[in-house]
Amino acid sequence: MEKYVYEFSEGNRDLKDLLGGKGANLAEMTNIGLPVPPGFTITTDACRIYMKTNKLPPELRVQVTMQLRRLEDALGRLLGDTNDPLLVSVRSGAKFSMPGMMETVLNVGLNDASVEGLATFAGDARFAWDSYRRLIQMFGKTVLGIDGEKFSDALDARKKARGVATDTELTADDLHALVDEFKAIVKGETGREFPQQPREQLDLAIEAVFDSWNTDRARLYRRRERISDDLGTAVNVVAMVFGNLGDDSGTGVCFTRDPSTGMVGDYGDYLPNAQGEDVGAGIRNTLALADFEKLDKKAFDELRQAMRTLESHYRDLCDIEFTVERGKLWMLQTRVGKRTAAAAFRIAH
Ligand SMILES: Nc1ncnc2c1ncn2[C@@H]1O[C@H](COP(=O)(O)OP(=O)(O)OP(=O)(O)O)[C@@H](O)[C@H]1O
Ligand SMILES: [Mg+2]
């Protein structure tokens, strides 16, 4: 039987054709002992079959089920369980980097019941409702094709009504109310309720990531970058780690060398109490790594150690995404190369 699903420990950096750049490097980081949340990659082969036949290969479902079970066993948690749920991200990742061109859905597995379990287990209701509103927002836009502004306008309206400037000032009750509003948007726009079944959420998100290979935006980008339309993307399913669990958590991006001069060092940005996509979105001011060091020396030292490990392993500029969950560092991506990283860094500064 064709193998369409690879656990991170089964891959490596030379498998970019099959696992995409993100998947291959997540596997490589896992295998050199860096703290990567566990997960698996669905191959570009599966994507190519999907594009040709308009259907997922029939074996894929079973293989995802088996791999998901291994993940659940390893973590001792079940996807979307009502009690301490496992949540996952579903992330695109093609052979060649296409920064921000394709889709990702975070917090898959949350629903009306598991949000309560998450709140109880984390001892933080605000965090749980924040995560749920993010899921509905991303899922609504990416999977259900709803105009993203419908959600961001509702979020802005709530901030205005509460007289606050940033998301982090919204309370658990505000975010709970926002979830109800977001669910009403989904119902109004699609005629259907927001899907509550965790596995249905996962399957729909996987298909949506495959579909995102063929958006106009992605096609245009590939034409400009001379990347073949035939390659397809892989899909990475990664256990969620949370940067939005309060002030001892956060998320950031960094580089192992100065992107403009190539000098080895620590460069990057960190945003406390935030989830992945907030950093690039510019919704709040980020901290320089030097300030991150002052804020959380232990997590910063772990990050610097990981940066040195990557630098000596790849011997090139590594562009890194990381998250700190209650003081613990997690590595979420590395990309080797200069151009995109340098461009991103110059834009940010
Ligand atoms: N399991 C996870 N736990 C916490 N954060 C995550 C997880 N998976 C992804 N993220 C974060 O969510 C954001 C979006 O993810 P992702 O890397 O897939 O897409 P992107 O960075 O927008 O685009 P690109 O495809 O260029 O990487 C990133 O900041 C990433 O670090
Ligand atoms: Mg990324």
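Close-up 1. The largest cavity has a volume of about 50 Å³, where a cavity is, on a 1 Å grid over the protein atoms alone, a set of points where a 1.4 Å probe fits but cannot get out, and a volume is the space filled by probe spheres set on the points, which are joined across faces, edges and corners. This is a predicted model in which local features need pLDDT of at least 70 and side-chain atom pairs count only at pLDDT 80 or more, whereas totals for chains, interfaces and linings use all residues. Residues are numbered from 1 along each chain as its sequence is written, chains are lettered from A and ligands numbered from 1 in the order in which they are written, and side-chain values use heavy atoms, with hydrogens and water left out. The structure holds one cavity of 30 Å³ or more. Lining residues, which have an atom within 4 Å of a point, include Arg 126, Asp 130, Arg 134, Asp 167 and Asn 273 for the largest cavity. Helix α5 (residues 125–142) contributes the largest share of this lining, three residues, with helices (H or I, at least four residues) and strands (E, at least two) taken as DSSP runs numbered from the N terminus. By class, the lining of the largest cavity has two nonpolar, three polar and six charged residues; Ala, Val, Leu, Ile, Met, Phe, Trp, Tyr, Cys and Pro count as nonpolar, Asp, Glu, Lys and Arg as charged, and the others, Gly among them, as polar.

**Close-up 2. The second largest pocket.** Of its 18 lining residues, Arg 77, Asp 84, Met 240, Phe 242 and Glu 325 are the closest to its centre. The lining of the second largest pocket divides into 14 nonpolar, no polar and four charged residues, and helix α4 (residues 114–122) gives the most to it, with three residues. Because domain 1 (5–111 + 197–239) and domain 2 (250–348) both give residues to this lining, the second largest pocket lies between them; the domain bounds come from an automatic or database domain assignment.

**Close-up 3. The shell around ligand 1.** Ligand 1 is surrounded by 16 residues, of which the closest are Lys 22, Arg 91, Thr 104, Glu 321 and Gln 333, a residue being near when one of its heavy atoms lies within 4 Å. The residues of this shell divide into seven nonpolar, five polar and four charged, and β10 gives the most, with three residues. A nitrogen atom of ligand 1 lies 2.8 Å from an N or O atom in the side chain of Ser 89.

Definitions and conventions:
On a 1 Å grid over the protein atoms alone, a cavity is a set of points where a 1.4 Å probe fits but cannot get out, and a pocket is an open set with protein on both sides within 12 Å along at least five of seven lines; lining residues have an atom within 4 Å of a point. A polar contact is a pair of N or O atoms within 3.5 Å; within protein, one must be able to donate a hydrogen and the other to accept it, and residues adjacent in sequence count only if both atoms are side-chain atoms.
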